[in-house]
Amino acid sequence: LDKEAQWSYQQDLKRRLDYKAVLDYAIEEATKEGIEKGIDIGMEKGIDIGIEKGIEQGIDIGIEKGKREATLDNAVMMIKEFDLSIEQVANTLNITIDELTQYLDK
């Protein structure tokens with residue numbers, strides 16, 4: 001090749017390599033952004049799901065505590081109103097004597 005053809009070839013090669021480098025960089029940056037956005041979205045969804053499950057668990061725990069307290073209130077009423085022993089009431093309502101005693105001491 002003559003000098004002009006070589007120069008033209010080198011310029012074309014340089015332009016192609018520059019273009020490829022720009023594309024490679026753009027792909028790399030877009031991939032990083034995509035990964036970051038994906039992580040952010042995943043974290044948000046995970047937090048939302050975690051919050052929902054936490055609320056559900058909190059409600060369930062609250063309901064159970066409420067039921068337990070109602071049972072203990074009934075136990076106190078049975079002891080006072082019907083003059084039953086702690087042991088009789090605990091056995092009847094399926095609660096421990098210690099739990100009932102602690103509740104009575106409140």
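Which residue forms a salt bridge with K14? I found D18, with the closest N and O atoms 2.9 Å apart. I'm using the rule of a Lys or Arg side-chain nitrogen within 4 Å of an Asp or Glu carboxyl oxygen.

Before going on, I note that this is a predicted model, where local features need pLDDT of at least 70, side-chain atom pairs count only at pLDDT 80 or more, and totals for chains, interfaces and linings use all residues. Residues are numbered from 1 along each chain as its sequence is written, and side-chain values use heavy atoms, with hydrogens and water left out.

D18 and K14 sit about one helical turn apart, because they are four residues apart in helix α1. I take helices from DSSP runs (H or I, at least four residues). Helix α1 covers residues 3–82.

Next I checked R16, which meets D12 in a salt bridge at 3.0 Å, N to O. R16 counts as exposed at 56% relative accessibility, while D12 is partly exposed at 27%. My cut-offs are under 20% for buried, over 50% for exposed and partly exposed in between (1.4 Å probe, protein chains only).

I also looked at E29, which pairs with K32 at 3.6 Å; both lie in helix α1, three residues apart. Shared partners join D12, R15 and R16 into one salt-bridge network. I count eight salt bridges by this rule.

The largest has 10 residues, including L72, V89 and Y103. Helix α1 gives the most to this core, with five residues.

Technical notes
Helices (H or I, at least four residues) and strands (E, at least two) are DSSP runs, numbered from the N terminus. A nonpolar core is a set of buried Ala, Val, Leu, Ile, Met, Phe, Trp, Tyr and Cys residues joined through side-chain atoms within 4.5 Å.
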